[in-house]
Amino acid sequence: MAADYVVETRSLTKVYRDFWGRKKKTALNALDLTIHKGEIFGLLGPNGSGKTTTIKLLLGLLFPTAGDAFVFGEPAAKVEKNERIGYLPEESYLYRFLNAEETLDFYGRLFDIPAEVRRDRAAKLIEMVGLGADKKRILREYSKGMRQRIGLAQALINDPELVILDEPTSGLDPLGTRWMKDLILDLRRQGKTVLMCSHRLDDVQDVCDRIAILYNGDLQTLGKVSNLLEDANRLELRARDVKETPELRADLEAVFRKYGGRLEAVGHPTTTLEDLFLRIVEESKARPGRRYLPPAETAASGR
Amino acid sequence: MTPLFGILQLDRGEPLGFANVSGLVQAWLQDAGGFAAVGLVVYLLYALSVPTDKSQSERLRVPVSTWMLAMAALALVCYAGVLALLVLGKGGSPEPPPPPPGAAAVTPPTVWHPEPRPVLLMVAGLFAVLGIAEPFVRDLVLVRGRRVWALAKLGFKEAAASRLYWVFLLALLPFLFRNVWSAGVRPVDEFRNLVGVTTLVETVLVLAVGLILAAFSLPTDIKNQTIHTVLTKPVLRFEVVLGRFLGYVGLMTLALAAMTAASLVLINAANINEKAEAETAKARVPVRGKLDFKSRKADFEGTNVGREFDYRKYIAGHPDSPQRAVWSFARVPAAALNPPGDFIPVEFTFDIFKMTKGEENRGAKVVFRFVTHNCPQAPPEPNQRGNWQWADRQPDAAGKTPEQRYQAAVEEYRQQGVNPALATPADPKGWAAVNDLAERFGFYEIPDKEVFDYAVMGVDVPAGLFRNARKNDPPVVDGKPAPRVQVYVKCESPGQMLGMAEPDLYLLESTLPFSLNFVKWAAGLWCKLCVVVGVAVACSTYLSGVLSLLTTLIVYWLGTMTEFLNDLALNRSVGGGPFESMSRLVRAESPTAPPSETGGAQVVQAFDRFFAWVVRRIQNVVPDVESFTWTNFVSEGFNVSGEYLVVNLLTLVGYLVPWFVLAYYLLKSREVAS
Ligand SMILES: Nc1ncnc2c1ncn2[C@@H]1O[C@H](COP(=O)(O)OP(=O)(O)OP(=O)(O)O)[C@@H](O)[C@H]1O
Ligand SMILES: [Mg+2]
């Protein structure tokens, strides 16, 4: 247990059993994993691959069938470690009859923080997650995204050193997704360690330093994102203010052939849908009242 | 007609007081210790069966300390000792004599047993408890009020959000529809009934709501997975249990307080029959005595008049009857020495059984004789007709016996125009004379009191008598000090039998306000509330909401049947236990025939003994709900002494602690997320 490991698992295995002890499912199989201080670690995998199971084992909500899980160098079953952990559950498992303020107050009281700091932090977090206007409404009335936001605020109430996020972007609109990603990067900047799991690959790609891919409880890949994704055999160029013509293509082919390579494709880059969505939302904010009119209708109304 | 208080009390005996605490602790250690020992052995076997190379987390989850092992070993050694004594048939407590056939068996009060076997059993239990409680106590010191309070408040808010509190308006129903349910009630019973119905409604409301809240809270939390978020904070699992318990108990305490206050206001405002109010709307503090029946023959024990279910014994009425019912009081209450008005009321309720058809609406003529140990009485000689005599016939210097001196003193007062035989506290001069005589001679007699059937009545006794009783130490008779005050009751009406039981007559030390007593009743209900909420929360750490609800209901319901369980546990029903009854049924034998001695019959009896043993274990798990019920005290107008409530509280703690330890282990061993 070296001190710079925030999380360490040693052949961590979880078998779900039914009441009679019969085996139902091996959700996690001999997982060996270490997460270093200050990194953003992504746990990837298709549905049912054991991501949530891993997280629950780390939090002590489940007990390992075999192997060990350590957080901050201590066994996961210890309660004291929770002082330094923030956890955003897969779905916000919060009490629906509390409002945002009461929620943060309740969870805050479970930590050993002075009352003033707690109140102060709660107010700041509510502003940060953008629920300032809704803080007196009970959670039952919240939309999924709003619950995800208060869930995040709840996870940060103790200013944790390790933040565990289970599907942080689920239920969030693209704007919220971007905000969440920025926030995760911000957490790293503050020196915190983040463990997130997701099956939205673009999210992971954008923020994670290292990832592990699980499939059916088995660890398939583990490594730095940049290393895993880099394609050393290909080269990408990008140019501005030129038209794609057969001549250009022929010239480029000649150049690449000269260097022993081969031209694969020439074309216009498309922006991502995310970028488009973000641009439109930004514009709508800048010009309230703007409405989209389909081209056909414009023509019709013009007549 | 409501049965009278005395009868109800006889059923259960005196409530447990401080004198029983040592016995209660011993019994608790024996019983809880037995369960603890089984738990400890199972725990250790499980923990040791985990291979040591398994995982560190597993060993952390099921820790085994040297302490636990040592305690288990000590407990087992002691249990072996108990077993040895049992086999040798030594060191046990003496068995109480079996009750005469047909008589209701009264459970002996819980007292300390100093014999080696029960003491060793207790010590064994103590070791087992110390062993199993170690991890629990270790975690208990980590419990923080801040977190428990936050969790308790959560339970509060949850219940408030469900708008459950409207249910408590049902507590007003008895008052709204009073004319409906009180239609057939005798005027004297009006107050009893009002109190009875109010307490019933309140009990049902408080317990039902508390039970539902407690049984479903944790299971819902686990089902909605909201508990995940809580348990990923630095919260001990036991704090969740404690928080739920305190939250719901706190909430229901508020509800109970509100309902009690409202009921009190409404009861006080209710229009009650005057006689009923005088009889029951107060809290008497009685001083109770011991009842014996005496006659010329030494072995007179009172007569049975052949009524079924009659706890009372009877004395025959006749001017010459030597039969007396005698209440003996070992203690003179301090309040009796100088009471306001210089008298102490004595209250009584007698049953009159008419042998011949006498005049209707006429009572029986009864003589009350109050004496102290300074004026002992002796049964009459055959030639003395029925009159009991002053036992002390020593003439003084002037040659006069005490009785003669007393007569002379009475005569002296007569000549001054005061008749002590007729004086009442309303006549200060006469009463001063009565007090003077009583203080000097330790004797006071009410020669002619008309007593009515089944009515609470009273006579006033001069305080001087008690001042006399404080003089000198009573002589020692048969190793025990003689009682300081005795009351001799005689019935003079021929053809009438006067029936009485021990609680039927008492000195009235003082009278407290009804309202205070009602609040004490609520304290008893509060204990029951804690039992219900505690058991339900403990069950719900492992069972689903519905199952927790049912389990708690069954446990509570069994708790209301302690009498029945007692009979089964002591294997003393007529015709033997269930197996013997069945075999008698099969062989068409009468249940009262003596048990046969064949081998088969012995096997059947062994089964019955085993069954009784099982019932006794069930009894250990079941709360003695009735011991928290003070309804009869309140509705009959008797003070619930603070002592009883303290013992209630001790019993409550003793009952709940094992449940909490169980809940601790259950929730700790549970994977909440699977
Ligand atoms: N309580 C449980 N009892 C039985 N099996 C379970 C339980 N929880 C999860 N599983 C099984 O364990 C496997 C892993 O589940 P897990 O929730 O860890 O997947 P996941 O990677 O988080 O999936 P998702 O992306 O859908 O959230 C699944 O096959 C699931 O069916
Ligand atoms: Mg998941």
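## Salt bridges across the interface

Three salt bridges cross the interface of chain A and chain B (a side-chain nitrogen of Lys or Arg within 4 Å of a carboxyl oxygen of Asp or Glu). B:Arg146 and A:Asp112 form a salt bridge through their side chains, with N to O at 3.8 Å. Side chains of opposite charge can pair when their charged atoms come close.

This is a predicted model: local features need pLDDT of at least 70, side-chain atom pairs count only at pLDDT 80 or more, and totals for chains, interfaces and linings use all residues. Residues are numbered from 1 along each chain as its sequence is written, chains are lettered from A and ligands numbered from 1 in the order in which they are written, and side-chain values use heavy atoms, with hydrogens and water left out.

## The interface of chains A and B

Chain A brings 36 residues to the contact and chain B brings 39 residues (contact means heavy atoms within 4.5 Å). About 3400 Å² is buried between the two chains, and carbon and sulfur atoms give 64% of that area. Buried area is the accessible area (1.4 Å probe) that two parts lose on being put together, summed over both. On the chain A side, A:Leu61, A:Phe63 and A:Leu110 lose the most area to chain B. Together they make up 20% of what that side buries.

Between chain A and chain B, twelve residue pairs are in polar contact, both residues at pLDDT 80 or more. A polar contact is a pair of N or O atoms within 3.5 Å; within protein, one must be able to donate a hydrogen and the other to accept it, and residues adjacent in sequence count only if both atoms are side-chain atoms. Four elements of chain A give two or more residues to the side that touches chain B: strand S1 (5-17), helix H1 (51-59), strand S4 (66-71) and helix H2 (100-109). Helices (H or I, at least four residues) and strands (E, at least two) are DSSP runs, numbered from the N terminus. H2(A) gives the most, with five residues. By class, this side of chain A has 22 nonpolar, five polar and nine charged residues. Ala, Val, Leu, Ile, Met, Phe, Trp, Tyr, Cys and Pro count as nonpolar, Asp, Glu, Lys and Arg as charged, and the others, Gly among them, as polar.

## Ligand 1

Ligand 1 lies between chains A and B. Its surroundings number 16 residues (a heavy atom within 4 Å of the ligand). The closest are A:Gly48, A:Lys51, A:Thr52, A:Thr53 and A:Glu90. The shell divides into three nonpolar, eight polar and five charged residues.

A polar side-chain atom of A:Thr52 sits 2.5 Å from an oxygen atom of ligand 1. For A:Thr53, a polar side-chain atom is also 2.5 Å from a ligand 1 oxygen. A polar backbone atom of A:Gly50 is 3.0 Å from an oxygen atom of ligand 1. Strand S2 (23-36) and H1 of chain A give two or more residues to the shell.

## Salt bridges overall

Over all chains, the whole structure holds 41 salt bridges. One pairs A:Asp186 with A:Arg189, the closest N and O atoms being 2.9 Å apart. Both residues lie in helix H5 (residues 174-189) of chain A. They are three residues apart, about one turn of the helix.
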